[in-house]
Amino acid sequence: MNRKNVLRVTTAAAVALGITGLSACGAAKTNSGGSGSGSGTVTLSVQSWVGAEADVAVAKYVLEHDLNTKVKTTQLDEGVSFDALNTGKADAIMEDWGGSPKKVSLYVDDKKTVVKGGDLGVTGHIGWFVPKYLADKHPDITNYKNLNKYASLFKTAESGSKGQLLEGSPSYTTNDKALIKNLKLNYKTVFAGSEAAQITQLKEDYKAKKPFLTYWYTPQWLNSQMDLVEVKLPPYTKGCDSDAQKVACGYAQTPLQKYLSADFVKKNKKAATFLKNFKWTNDDQNEVAAMIAAQKMSPDKAAEKWVKAHQDVVKAWLPK
């Protein structure tokens with residue numbers, strides 16, 4: 001979220017969001033038009049944030065109902081997902097934020113056990129954000145150079161004498177500790193534990209109009225419900241984040257990518273072609289993610305609703 005990456009749910013939170021509903025099940029034809037003959041079994045990696053769940057839910061629904069293909073899912077952290085593609089334990093990653101460049105180099109460029117699956121169509125961006133009501137009161141707070149004079153506003157029991165920068169899951173790769181150190185900021189990263197826990201905290205603070213500074217990103221369905229303002233960090237330039245210990249720049253705008261197991265592409269061309277063709281927008285992803293996380297729909301039901309309303313988009317994904 002490069003996500004070098006974000007956010008996104010503990011196992012318990014994943015269950016609450018319906019990950020278990022994404023477990024393997026038999027495919028069935030519907031009035032959306034099954035292809036007749038099946039095309040094997042596909043295992044999709046699900047990263048622990050709801051945007052990735054939305055990608056997988058829709059891909060799973062179309063594979064099962066339009067391509068008569070069984071789908072299994074496995075919840076894995078970002079880096080581990082590439083290991084799974086390499087060993088064949090997973091067939092596809094639907095949303096990569098660029099946080100594992102060494103593994104991409106190893107598996108895609110050197111070993112050639114993983115292949116690029118193309119652009120997801122979604123552009124991700126990570127940054128530091130404050131609520132607009134706070135920025136309205138202190139306009140200069142949106143420049144990182146002024147954060148130290150406001151550090152006391154963000155102090156919590158967890159951050160001690162420093163200001164708190166709220167994070168999501170400790171499993172996400174971020175640059176924030178290095179940024180705090182290298183920009184000489186009087187802040188401490190504090191992890192909520194998961195995307196779901198972070199959202200709960202943000203919603204509580206926002207409702208109470210409390211000050212908060214948080215690591216956050218787009219796309220994210222919650223952004224339609226909270227008015228947040230990004231803090232200006234030093235501008236991103238290519239390569240400025242190449243040394244994790246010396247990072248002193250903000251995050252890039254990242255076109256999110258898909259990756260497929262090379263062996264899977266050879267053995268299941270129909271499903272692989274569909275996954276390569278799968279491409280939607282930030283708004284599309286947010287729509288499905290909001291159904292899952294905010295409206296508490298199961299991923300399957302959310303995917304079904306979206307697919308039925310966007311048949312023209314789905315048809316363009318299907319292999320000819």
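**Figure 1. Leu166, a buried residue of strand S5****.** In this predicted model, Leu166 has a relative accessibility of 6%, and it counts as buried because that value is under 20%. Leu166 belongs to strand S5, which covers residues 163-167. Leaving out residues up to four places away in sequence, Leu166 touches Val190, Ala192, Gln198, Gln201, Leu202, Leu213, Thr214 and Tyr215. One of these, Thr214, is 48 residues from Leu166 in sequence, yet the two C-alpha atoms are 4.5 Å apart in space.

**Figure 2. Gln47 in the loop between strand S1 and helix H2****.** Strand S1 spans residues 41-46, and Gln47 lies in the loop that separates this strand from H2. Gln47 has 2% relative accessibility and so counts as buried. Apart from neighbours within four places in sequence, Gln47 is in contact with Ala52, Glu53, Leu76, Glu78, Ser81, Ile93 and Glu95.

**Figure 3. The largest nonpolar core****.** This core has 82 residues, and the members that touch the most others are Val58, Trp128, Phe274, Leu275 and Trp280. Helix H2, residues 50-66, gives the core its largest share, ten residues. In soluble globular proteins, nonpolar side chains tend to be buried together. Over the 320 residues of the protein, 53% count as buried.

**Figure 4. The surroundings of Leu275****.** Setting aside neighbours within four places in sequence, Leu275 is in contact with Val42, Leu44, Ala59, Leu63, Ala92, Met94, Gly117, Lys258, Leu260 and Phe264. Leu275 is also among the members of the largest nonpolar core that touch the most others.

**Figure 5. Two lysines with positive phi, Lys112 and Lys184****.** Most residues other than glycine have a negative phi. Lys112 has a phi near 60°, and Lys184 has a phi near 55°. Lys112 lies in the loop between helix H4 (101-110) and strand S4 (114-131). Lys184 is found in the loop between helix H6 (176-182) and strand S6 (187-191). The relative accessibility of Lys112 is 57%, so this residue counts as exposed. Lys184 is exposed too, with a relative accessible area of 66%.

**Figure 6. The cis peptide bond from Thr218 to Pro219****.** Most peptide bonds are trans. The bond from Thr218 to Pro219 is cis, and its omega is near 0°. Pro219 sits in the loop between strand S7 (214-218) and strand S8 (228-230).

Note on methods: Residues numbered from 1 in each chain as written. Predicted model: local features only at pLDDT ≥ 70, side-chain atom pairs only at ≥ 80, totals over all residues. Heavy atoms only, no water. Core = buried A, V, L, I, M, F, W, Y, C linked by side-chain atoms within 4.5 Å. Buried < 20%, exposed > 50% of the residue type's maximum accessible area, 1.4 Å probe, protein only. Helix = DSSP H or I, 4+ residues; strand = E, 2+ residues; numbered from the N terminus. Contact = heavy atoms within 4.5 Å.
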